[in-house]
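Hi everyone, thanks for making the time.

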Amino acid sequence: MNQTSLHKLFSQKKSKNNKELFDLRLATNITLIQKQFFSLYPEQQHQKHFQKLLDLLPKLFTLRPEELKQQDFDRLKSGNWYQSEKIVGMQLYVEHFNKDLKGLHKRIPYFKKLGVNFLHLMPITTRPKGESDGGYAVNNYLQVDKKYGSKEDLLSLTSAFRKNGIYLMLDFVVNHTSNEFSWAKKAMKGDKKYQNYYYTFEDSTIPAEFEKTLPEVFPETSPGNFTYVPEMKRWVMTVFNNYQWDLNYSNPEVFLEMLTNLVKLTDMGVDVVRFDALAFLWKKIGTASQNLPEAHNLISLFRMCLQVVAPGTILLAEAIVAPTDIIKYFGEEEKRGNECEVAYNASLMALLWNSIATKKTELFYKSLMHVPAKPKDCTWTNYIRCHDDIGLGYENHLIEEMGWNPEMHRKFLLDYYCQRLDWSPATGMLFMYNPKTGDGRITGSAASLLGLEKAIATKNEGLMEQAVAKIIMMHGIILAFGGIPMIYAGDEIGTLNDYSFKKDVSKKEDNRWVNRPMQNWDVISKLNNEISPESKIFQTLQKLIKTRKEQPVFADTNNLELYHTGNNHILSFERTQENKGLLVICNFDENPQVIDSSWIKKLGYFSKGEPLDLVSGEKIGLSSGLLELIPYQIIWLKKA
Ligand code: GLC
């Protein structure tokens with residue numbers, strides 16, 4: 001049952017007798033839970049496991065802290081907080097931000113100053129020493145790694161967040177554990193039960209069958225999808241790095257244990273669970289083992305169970321796949337609205353970078369205009385950068401429709417961003433480049449990719465101005481696009497690439513670390529007193545965030561429409577709410593661009609005189625019938 005239906009049911013309830021509400025939620029969801037469970041684990045063999053699940057749910061509910069049960073109740077009554085215009089997010093590495101959890105606690109005033117009230121903390125649980133994929137190789141799902149502090153520090157932080165109205169998102173690395181996880185250690189010692197928690201094989205016959213159709217995630221550093229483990233004399237599936245073992249969800253015991261871990265994670269005060277790499281959850285020979293229908297059933301099963309036990313918690317899908325595949329993680333047909341409430345808008349992100357490099361918006365329109373509408377209780381996380389690389393996941397047939405060759409186009413983008421074109425302002429790095437296929441991805445901080453690093457190095461004032469304008473425009477888009485805008489820590493002050501990873505043996509093979517910088521508190525301490533690119537970016541974002549929070553039209557009620565302007569350098573979309581409207585127009589070109597303004601008039605933006613641009617604070621006059629935008633300008637036009 002989706003959030004709205006539950007909300008209606010709960011608003012009718014006077015009592016908040018916890019157990020009664022739990023029973024009600026179980027009764028409403030049980031049919032779908034049972035159906036999904038038996039679709040994955042056939043009824044004939046797995047009645048016993050289903051009974052185990054039925055016994056587990058009330059146990060998990062009993063363990064949930066009272067304060068959070070109350071919060072669940074309040075959230076169900078008050079509707080979907082994650083679609084509100086009041087929410088603005090930031091993603092950060094605790095150790096790079098301010099040392100540890102206690103240090104982060106002290107920075108709550110900084111978030112308030114900027115207007116951020118939703119935080120995604122990168123993994124903080126125990127992980128192997130040395131390489132650990134930034135903590136995405138998990139030794140334990142619940143134990144805080146000493147370098148971040150203790151479980152008490154986390155609890156005190158989440159409690160402070162609640163008091164300060166800050167929502168918390170943590171990862172649930174649901175697809176794999178590290179090779180040091182207790183199950184993996186037991187498997188290595190020969191324990192058959194735990195060998196069956198992973199995909200392990202005595203010889204390479206089945207792995208070879210899988211390999212025929214499995215793509216590679218890290219072809220440069222971790223080629224192949226299986227690793228031979230001499231300790232157990234078996235092969236194990238390792239789709240990501242060789243120290244990340246894929247969990248075998250065809251074993252219902254794995255699902256039950258992982259559900260327990262998931263609920264206990266939320267019991268620490270996590271509001272949003274980031275379901276990491278969820279597209280990979282189900283494997284099948286003869287397929288790419290991504291986005292399989294069983295993966296969707298499994299996610300929905302997790303979701304329904306969470307809905308019963310901890311209904312105030314929501315799920316975010318980290319599915320960096322094609323636009324039409326991403327949308328499926330909101331759930332389709334009977335699962336519609338019953339998978340993840342939020343998903344990364346990876347399509348928007350990748351298309352923005354395409355538009356920056358090409359200075360054109362045609363692919364943006366083509367790609368986003370045919371994506372089906374999302375369910376109304378679901379929303380996006382809109383972002384321009386995160387800790388990962390930028391993948392060029394555009395649809396080939398759309399590139400071809402524009403008369404471009406997809407391979408050559410991708411090559412151009414890699415050349416543009418990864419310092420293979422003299423004239424390009426971008427300073428990015430090639431990630432996982434495969435010379436055989438020419439495939440590759442891009443790393444680098446937003447500011448460096450948008451030209452600030454080169455502008456500073458060459459002391460080029462014009463380039464500097466453009467880079468700052470681009471950084472602001474890109475953020476202006478994600479702040480207005482509907483859903484949760486997620487700023488990547490450091491981008492609010494235009495932080496450049498950090499090359500220190502090259503000196504660290506555990507990081508040097510993975511250049512995603514170039515865009516995982518230390519938060520620069522020295523720069524931040526001077527923001528108010530200096531006229532610098534950093535203060536311009538910070539102050540503008542601060543203002544845009546404040547403006548967003550004041551205008552309910554920014555809330556996501558599926559109220560977004562893209563508009564063609566007839567000018568291929570311009571992107572325009574409108575957000576509407578009853579008779580209110582906000583028209584966003586931006587120029588991706590390095591030259592001024594002009595558009596005909598009659599359609600803006602038709603939309604009613606001039607019915608009460610000249611409309612206000614909320615970005616510049618100035619009124620926009622259209623007496624000439626034309627609207628001109630300077631390079632990389634973004635306008636938020638408000639319908640009076
Ligand atoms: C996700 C994370 C990425 C990690 C991968 C494997 O894609 O964002 O950083 O490498 O999962 O866990």
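**Helix pairs and a few residues**

Let's begin with α12 and α13: α12 passes α13 in a right-handed crossing. Right-handed here is when the near helix is turned clockwise from the far one by less than a right angle, and left-handed is the anticlockwise case. Before going on, please keep in mind that this is a predicted model, in which local features need pLDDT of at least 70 and side-chain atom pairs count only at pLDDT 80 or more, while totals for chains, interfaces and linings use all residues. Residues are numbered from 1 along each chain as its sequence is written, and side-chain values use heavy atoms, leaving out hydrogens and water.

Back to our pair. Helix α12 covers residues 252-266 and helix α13 covers residues 293-309; they pack at about 45 degrees with axes 11 Å apart. That angle makes α12 oblique to α13. The axes are lines fitted to C-alpha atoms, for helices over the stretch in contact, with angles from 0 to 180 degrees between N-to-C directions. The helices (H or I, at least four residues) and strands (E, at least two) are DSSP runs numbered from the N terminus.

Which residues meet here? On the α12 side we have F255, M258, L259, L262, V263 and T266, and they meet L298, L301, F302, C305, L306 and V309 in α13. By class, this contact has eleven nonpolar residues, one polar and no charged. Nonpolar covers Ala, Val, Leu, Ile, Met, Phe, Trp, Tyr, Cys and Pro, charged covers Asp, Glu, Lys and Arg, and the others, Gly among them, are polar. And contact, throughout, is heavy atoms within 4.5 Å.

Helix α13 has another partner in α2, residues 18-40: the axes of α2 and α13 come within 9 Å and cross at roughly 160 degrees. These two helices are therefore roughly antiparallel to each other, and their crossing is left-handed. The contact includes F22, R25, L26 and N29 of α2, along with E294, N297 and L298 of α13. Sorted by class, the contact of α2 with α13 has twelve nonpolar, six polar and two charged residues.

The next pair is α15 and α16. Helix α16 spans residues 362-369, and α15 packs on α16 at about 160 degrees with the axes 8 Å apart. That makes α15 roughly antiparallel to α16, and the crossing of α15 and α16 is right-handed. From α15 come S347, L348, L351, L352, N354 and S355, meeting L363, F364, S367 and L368 of α16. This contact divides into six nonpolar, four polar and no charged residues.

With twelve residues, α18 reaches 17 Å from its first C-alpha to its last, close to the 16 Å expected at 1.5 Å a residue; the expected span is 1.5 Å times one less than the number of residues. Buried residues in α18 are P406, H409, R410, L413, L414, D415, Y416 and Y417. Buried is under 20% relative accessible area, exposed is over 50%, and partly exposed lies in between, using a 1.4 Å probe and protein chains only. The buried residues of α18 pack against several elements, including α15, α17, β13 and α21.

Now for α23, residues 533-550, where S535 is found. Is S535 buried or exposed? At 2% relative accessibility, S535 counts as buried. Leaving aside neighbours within four places in sequence, S535 is in contact with L527 and E530. Beyond four places in sequence, I537 touches V468, I471, I472, D491, E492, I493 and G494.

Last, some backbone angles. Most residues other than glycine have a negative phi. D133, however, has a positive phi near 50 degrees; D133 sits in the loop between β2 and α8 and is buried, with a relative accessible area of 10%. K459 has a positive phi of about 50 degrees, and lies in the loop between α20 and α21. At 72% relative accessibility, K459 counts as exposed.

Key: Parallel < 35°, antiparallel > 145°, perpendicular 65-115°, else oblique.
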